[in-house]
Amino acid sequence: EILKVALLNNQNKLLKIRDIAKGGGNFVTATIKSVLNEAVKIEAAKIILIHNHPGGDPTPSNQDLKFTEKVEQACEILGIQLLDHIVLGNTNYVSIFTEREKNAKMKGMK
C-alpha cells in the first residue's frame, strides 16, 4: 500500500501531492503528524488522502475508517479541511466520505 496526500488551497487548486508512507501488501503505517506535516508547512487549506489496496478490492477497512476519523479530528483542530479519503483498487475506487454519507442516509431511512 502507498498513502499519499493531495494538498490544496482555498480554491481547491492542487498545490502538491506528497507520498506519506509505503507499506506491505495489505497495510501501511502512517502517523497523523506525517500526514499533516507538509500541509502545515505550506499552509494548505484542504487535503485529500489517497491510498491503494494492492489486492484490488477498494472497500475501506476498519483501520482505514478509524485513521480517517483521527485525521479529520486533527484537521479540525488545525483549521485544515479534509475533503475526502479515496481508496484505490484495480480499476475502481471508493470515497470514504461518500460511503459515510450513504450509510448515514440508510440509517436515517430505517
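Which strands does helix 2 lie across, and at what angle does helix 2 run to strand 4? Helix 2 lies across strand 1, strand 3 and strand 4, and runs at about 160° to strand 4; axes are lines fitted to C-alpha atoms, for helices over the stretch in contact, with angles from 0 to 180 degrees between N-to-C directions. This is a predicted model, in which local features need pLDDT of at least 70 and side-chain atom pairs count only at pLDDT 80 or more, while totals for chains, interfaces and linings use all residues. Residues are numbered from 1 along each chain as its sequence is written, and side-chain values use heavy atoms, leaving out hydrogens and water.

**Sheet**
- Five strands form an open sheet in the order 2-1-3-4-5, with mixed pairing (strands are DSSP runs of E, at least two residues, and helices are runs of H or I, at least four, numbered from the N terminus; two strands pair if DSSP finds at least two bridges between them).
- Strand 2 (14-22) and strand 5 (92-95) are the edge strands, each pairing on one side only.
- From one strand to the next, the twist averages 20°.
- Strand 4 (residues 81-89) and strand 5 run antiparallel and are joined by four bridges.
- I86 has S95 in strand 5 as its bridge partner.

**Helix 1**
- Helix 1 (residues 32-41) packs on the sheet and touches strand 1 (2-8), strand 2 and strand 3 (46-52), where contact means heavy atoms within 4.5 Å.
- The direction of helix 1 makes about 155° with that of strand 2.

**L78**
- L78 lies in helix 2 (residues 62-78).
- The relative accessible area of L78 is 46%, which means partly exposed, between buried (under 20%) and exposed (over 50%), with a 1.4 Å probe and protein chains only.
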